[in-house]
Amino acid sequence: MQTVPKLSGQAARLFNFLSQRQTADTVELRRMCDLGNPSDVAFKLNARLALAGDSRRVVCRHQGRIATWRLDRATATAA
């Protein structure tokens with residue numbers, strides 16, 4: 001099991017919530033994790049995970065006006 005780097009309160013709540021669920025929409029994240037701006041928290045969380053060498057990333061997929069979030073494994077992309 002990978003070690004999670006030290007995270008801010010919001011980032012820790014987001015990480016734990018998405019670790020326990022497969023997906024969540026923006027309204028759910030804001031309400032359940034007490035987040036004002038999930039995109040900002042996800043961006044900072046992804047940077048912390050990358051620094052720690054953790055391949056997991058918070059990913060957002062937009063479908064119209066609804067955004068769905070999940071914790072996913074990063075995949076290498078060709079430059």
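This is a short chat about a predicted model and a few of its residues.

Me: What should I know about the model before we start?
Reply: It is predicted, with local features needing pLDDT of at least 70 and side-chain atom pairs counting only at pLDDT 80 or more, while totals for chains, interfaces and linings use all residues. Residues are numbered from 1 along each chain as its sequence is written, and side-chain values use heavy atoms, leaving out hydrogens and water.

Me: Which residues touch the most other members of the largest nonpolar core?
Reply: Leu14, Leu18, Leu29, Leu45, Val58 and Trp69, out of 18 residues. Such a core is a set of buried (under 20% relative accessible area, 1.4 Å probe, protein chains only) Ala, Val, Leu, Ile, Met, Phe, Trp, Tyr and Cys residues joined through side-chain atoms within 4.5 Å.

Me: And which elements give two or more residues to this core?
Reply: H1, H3 and strand E3 (66–73). Helices (H or I, at least four residues) and strands (E, at least two) are DSSP runs, numbered from the N terminus. H1 gives the most, with five residues.

Me: Switching to Gln22, where is it found?
Reply: Gln22 is in the loop between helix H1 (9–20) and strand E1 (24–25).

Me: Is Gln22 buried or exposed?
Reply: Gln22 counts as exposed because its relative accessibility is 72%, and the cut-off for exposed is over 50%.

Me: What is Gln22 in contact with, neighbours within four places aside?
Reply: Trp69 and Arg70, where contact means heavy atoms within 4.5 Å.
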